[in-house]
Amino acid sequence: MEITHYSFDVPVEAAGQRLDAFLATQLPDLSRAAVQRLIDEGQVLLAEGKPRSSMKLAGGEQITVDIPPPAPAVPLAEQIPLDVLYEDHDLIVINKPAGMTVHPGAGAATGTLVNALLGHCTDLSGIGGEIRPGIVHRLDKGTSGVLVAAKNDIAHRGLAEQFAAHSIKRLYWALIYGSPSEDTGKVSNSIGRHPSDRLRMSSKAKHGKEATTNWRVLERFGAASLVQLRLETGRTHQIRVHLTEANMPLLGDPLYPDGGRFNNLKDTRLKGMISHLGRQALHARVLGFIHPVTGQYLEFSSEPPEDFSGILAYLRETAAASTTFS
């Protein structure tokens with residue numbers, strides 16, 4: 001594998017931000033700690049040379065980032081607490097926190113879910129490749145929720161077949177800007193690498209793969225809505241692409257544009273909560289599948305984390321107050 005090169009022009013509105021914080025939003029698959037390591041290792045350059053992580057941006061700078069390929073070594077086991085929803089000899093189901101990368105990659109060799117699984121599971125085999133033991137599917141770093149990992153080849157193969165056949169039950173909750181004109185809908189198109197921005201995915205890609213997302217509005221709050229998504233496929237950034245291109249962008253998404261929705265919000269408290277969220281308001285709510293060894297149907301769910309649920313509670317509160325005084 002070769003070094004991956006990135007180049008960023010710092011917008012004027014980013015003036016005053018720390019360099020590491022800015023790059024963490026531009027490279028959503030990397031943790032802030034991983035970005036800081038790249039800076040310390042001299043992989044991040046500005047016109048004046050090698051900067052510090054704490055450098056304050058002025059706006060207008062051009063930043064280049066070189067990300068080396070992941071080391072081929074087996075990841076280290078780390079004692080990282082996990083929210084385990086279910087575990088047996090064949091698989092483990094966890095409630096992944098937002099901010100945790102699923103597997104080691106460029107600039108993120110530690111602190112990942114794989115590192116945590118290796119520290120937690122004494123019987124986790126090295127299936128799925130050396131740097132992704134047991135991983136059958138993934139959630140974006142900024143997405144929280146239910147995820148399953150396999151502990152052996154039989155379980156891995158059985159789960160992988162179900163994901164390939166799209167027979168897995170996957171329900172997500174998302175907070176989106178605005179109020180859709182319909183209560184339900186379906187987005188079906190192909191998704192591939194964005195033609196001009198390789199960090200993003202798009203339906204405009206030349207060589208995309210078919211992707212289908214079903215959506216349903218659960219609650220409306222005027223400025224935002226709570227929607228439930230049911231996936232028929234599992235493409236990279238599928239929900240984020242489909243909702244953005246359907247003019248229903250996710251609150252807080254650092255990578256996909258919201259069309260000016262955030263800047264147009266009049267509720268300053270809500271804007272502050274979205275800024276504090278610092279990620280897409282997306283949660284993997286339900287995961288259901290056939291146990292690959294026992295044949296039993298299993299289904300797991302988790303509540304959204306505090307930052308997501310806090311925004312939801314505030315939206316409900318303000319909507320109720322508006323109804324009361326109208």
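Reply: Rings of Phe, Tyr and Trp (its six-membered ring) pair if their centres lie within 6.5 Å; planes under 30 degrees apart count as stacked, over 60 as edge-to-face and the rest as tilted. This is a predicted model: local features need pLDDT of at least 70, side-chain atom pairs count only at pLDDT 80 or more, and totals for chains, interfaces and linings use all residues. Residues are numbered from 1 along each chain as its sequence is written, and side-chain values use heavy atoms, with hydrogens and water left out.

Me: How many aromatic pairs in the whole structure?
Reply: Three. In one of them, Tyr86 and Phe300 have ring centres 5.4 Å apart and planes at 40°, so that pair is tilted.

Me: Which residues form one aromatic cluster?
Reply: Tyr86, Phe289 and Phe300.

Me: Phe300, buried or exposed?
Reply: Buried, at 11% relative accessible area. The cut-offs: buried is under 20%, exposed over 50%, partly exposed in between (1.4 Å probe, protein chains only). Tyr86 is partly exposed at 26%.

Me: And how do the rings of Phe289 and Phe300 sit?
Reply: Their centres are 6.1 Å apart and the planes are at 35°, so this pair is tilted too. Phe289 is buried, at 1%.

Me: New topic. Which residue does the UniProt "active site" annotation cover?
Reply: Asp140, according to the unreviewed UniProt entry. Positions are in the numbering used here, feature names are shortened, and annotations may be inferred rather than shown by experiment.

Me: What does Asp140 touch?
Reply: Lys96, His237, Arg240 and Gln280, not counting residues up to four places away in sequence. Contact means heavy atoms within 4.5 Å. Asp140 counts as buried, at 12%.
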